[in-house]
Amino acid sequence: MASSERSALLTYRLCGGSGEEERGRERARGRAAAAAAPRKLPTFLGVVVPTLLSMFSVVLFLRLGFVVGHAGLYQALAMFAVAYFIIGMTVLSVCAIATNGALDAGGAYYMISRALGPEFGGSIGIMFFLANVCGSALYVLGLVEAVVDSFGIPPGGYGVDYTTGQMMSFSSVFAVMFNGCTGIMAGSNMSGDLKRPSYSIPRGTISAVLFTYLVYNLLAFLMCATCNRTLLQKDYGFLRDISIFPPLVTVGIYAATLSAAMSNLIGASRILYALARDDLFGRALVLAKKTSASGNPVMAVILSWLVVQLVLFSGKLNTIAGVVTTFFLLVYATVNLACLALEWASAPNFRPTFRYFTWHTCLLGIAGCCVMMFLISPVSASASLGFLLLLLLALHYLSPSSTWGYISQALIFHQVRKYLLMLDVRKDHVKFWRPQMLLMVQNPRGSARLIDFVNDLKKSGLYVLGHVELQDLDMLPSDPLQPQQDSWLSLVDKLNVKAFVSLTLAPSVRHGVRQLLFTSGLGGMRPNTLVLGFYDDAAPQDGLARHPAFTSSREEVPLGFPPLRAPAAPKLLSAREYVGIVADALKMLRNVLLARQLESLDKAWELRRAASPPPTIHVWPVNLLRPDSARYADTCSLFLLQMACVLNMARAWRRARLRLFLCVEAGAMPRAQEEKLRQLLKDLRIQAQIQLVPWDAVTRLHWQTRQGPPGGPAPGGAVEEEEDGAVNFPANATQVSDEYVCAANKLVLEQSPAPAVRFLYLPRPPANTSLYPLYLHQLELLTRGLGPTVLVHGVSAVTSTQL
């Protein structure tokens, strides 16, 4: 089997999935055909000659006198200096990129796409294709003009272009003149046909550019010394009149313009073929993939020729000169941008053998291109940039992912590392606190809506999806987490949540959560809040299959996740270990959220229903399991208020209304308590409706079942003072009865209308670890039947009244 066939077969085998088979076959055939065509062009014939022929074109014979006649010698020399400064900076960038790796067909498109990624590459490829097509049409129009000139042209005005009747200025003359400099990438466009592209492109392009610069300046001097200004302005074909042998000028005009037109046509076809082969535009360019038996992109040449014919309807060379110049300047600016991005990204693999460039030359090239674009034609420049932006957006959302590498990722890494080092945790201030969440997920199939809910709670903060795999790496041949990483990242993309993924191996879930709490995040961006699903006996439901992200697009649920645990199957986590995780997080000064029945929260229905009263968020900032020390201004209560407010600030929840419940007893001056709480909300800029809830009947149950006098500890229970002054009973679970907890649950449940979600105060676990199961049992009783509920415990101040 030939090497090209093996390459094609390998490519086909690597294209998995039924939807990719056809594209895989097309890529395989295209690459096999390209491999069959041997690269044979040396530096002179492959780079120097095409570049010279493209630059010595219509401008040399038909427009150099126009430039000198309208602008004068000094301004003409200045134009040459500006133009060659711009293309000189661009040539340095082209040489740097061309010597940084293997080049294939496509020239500047190939360089930009492989450096900046498919979005920039595809959009600039289209712009460069149009520039070459318009350039080819421009040279053909120059040839037509030379033919018509042989039969005489009526004279026009002094400062007025007699072909268009427009007054000339520096920018309009420069637009015409610059077309004589746009052939610098003619050699680069032949990269797929060169023997040694990385060797030939720098040497051939620089040689051709220097030679043309000297010739243009020399001819400008000679024209000024031998011709009067009137002749230069009124007769673009004056070279025939002053030449020793006039037919030689005619032959030169025909040969140069035709060769330049053909060079641009072939360059455009190569770009179109490369775009089609890379499948960036799908079936829109499927015809351009067709090649001859020798690998020549015949259909791309025909399509490019048809577009050239359309451009020819513009009719006048000077009419499209400004458009062609704008397109080429935009392409050159992007080439410089590609080189600048590679240099600034500081990637170790950017090691071009051509070293005569710096980021300063790239920046100067970009600035020169942009300035001249807008000087020539602000309208054309703005339209070109707008068209480029539309192409970028279309490719970003519609094109398939590539394996070329994205410079944006390298630049983001570079900048993120720099700013993370600048993010000093010692300068944190409560005014700028935001939740940074670590959500522990056992199986995403049963946690899809919880993942979405926590995404609303993060308020532009860090969001990490954590998962613990119960295995021992010593007993495994390789890391089992690596194959799972792609499934989790695909899930994040599909659910459209702004989250990172952190997976770990551990002998137990509790050890794994500790690892993630210690190691997740980087620098000043570390999780400060742990979120857990509730521990109960409810059978897990596959919410992923019912999630709108999959039901609306009819896509299959990712198969990288195991099926849900059967209801009768044993759990991987015991009740004692679950409460231990909560206790560990609080010891590590992490806030804790326990979410129960969040999978029953249909956010889309709750927030978009047409019913008259808007959905509500019920907030109970009082420790219902500690009626002895019920307070509304301790650290945990304020954190609970903050989390409810953060949810209400999320775009999807802005229609909801906060309802704050104030539990009062008879004779406790409820109006004074309400006014005090209202003032607190005003100081914290939290908009919420306060509702008084008498709970004498509930607290009476507590005192009836509690042994010992009111206000004192139960027998055997130690009393401690917390930093905020609240009384803490380490053996808290023994202080309240199940009857009282059920009554508190009924009190919460009776408040109508039913909310979209409830926020309740999460008491600290008891100090005695043997009471963990009883503590969890009371939490289950407290939240039974409440629907979507979040139990919240905060350990640090997060609210601020400061400006």
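Author: Start with Leu747: setting aside its neighbours within four places in sequence, it is in contact with Trp620, Val693, Pro694, Trp695 and Val698; contact here means heavy atoms within 4.5 Å. You're looking at a predicted model, where local features need pLDDT of at least 70 and side-chain atom pairs count only at pLDDT 80 or more, while totals for chains, interfaces and linings use all residues. Residues are numbered from 1 along each chain as its sequence is written, and side-chain values use heavy atoms, with hydrogens and water left out.

Leu747 sits in helix α26, residues 738–749. Helices (H or I, at least four residues) and strands (E, at least two) are DSSP runs, numbered from the N terminus. Leu747 has a relative accessible area of 8%, so it's buried: that word means under 20%, with exposed over 50% and partly exposed in between (1.4 Å probe, protein chains only). Ala697 is 50 residues away along the chain, and its C-alpha atom is 9.7 Å from that of Leu747.

Now zoom out a bit. The protein chain has 27 helices and 12 strands, and 54% of its 803 residues count as buried. Of the contacts between residues at least 6 apart in sequence, 80% join residues at least 24 apart.

Next stop, α17 (448–457). Nine of its 10 residues are buried, so the rest of the structure largely encloses this helix. Among those buried residues are Leu450, Phe453 and Asn455. After α17 comes Lys459, with a positive phi near 50°.

Asn455 also takes us to the largest pocket: it lies nearest the centre together with Lys458, Asn496, Val497 and Lys498, out of 47 lining residues. The elements giving two or more residues to that lining include α16 (407–422), α17, β2 (463–469) and α18 (481–495). α16 supplies the largest share, six residues. The space inside comes to about 1700 Å³. How is a pocket found? On a 1 Å grid over the protein atoms alone, a cavity is a set of points where a 1.4 Å probe fits but cannot get out, whereas a pocket is an open set with protein on both sides within 12 Å along at least five of seven lines; lining residues have an atom within 4 Å of a point. Points are joined across faces, edges and corners, and the volume is the space filled by probe spheres set on them.

By class, this lining has 25 nonpolar, nine polar and 13 charged residues. Ala, Val, Leu, Ile, Met, Phe, Trp, Tyr, Cys and Pro count as nonpolar, Asp, Glu, Lys and Arg as charged, and the others, Gly among them, as polar.

The second largest pocket holds about 1400 Å³ of space. Its lining has 44 residues, with Gln442, Asn443, Ser447, Phe534 and Pro540 nearest the centre. β2 and α18 are among the elements that give two or more residues to this lining. β2 gives the most, three residues.

Last, the charged pairs. Side chains of opposite charge can pair when their charged atoms come close. A salt bridge here is a side-chain nitrogen of Lys or Arg within 4 Å of a carboxyl oxygen of Asp or Glu, and the whole structure has 12 of them. One joins Arg445 to Asp542, with the closest N and O atoms 3.6 Å apart. This pair links distant parts of the chain, 97 residues apart: Arg445 in the loop between β1 (437–440) and α17, Asp542 in the loop between β4 and α20. Arg445 counts as buried at 11% relative accessibility, while Asp542, at 25%, is partly exposed.

Asp536 pairs with Arg596, closest N and O atoms 3.2 Å apart. Asp536 is in the loop between β4 and α20, and Arg596 is in strand β5, 60 residues away. Both Asp536 and Arg596 are buried.

Lys571 and Asp537 also meet in a salt bridge, 3.6 Å from N to O. They're 34 residues apart, with Lys571 in the loop between α20 and α21 and Asp537 in the loop between β4 and α20. Lys571 is partly exposed at 30%, and Asp537 is exposed at 75%. Finally, salt bridges with shared partners tie Asp536, Arg596, Glu780 and Arg784 into one network.
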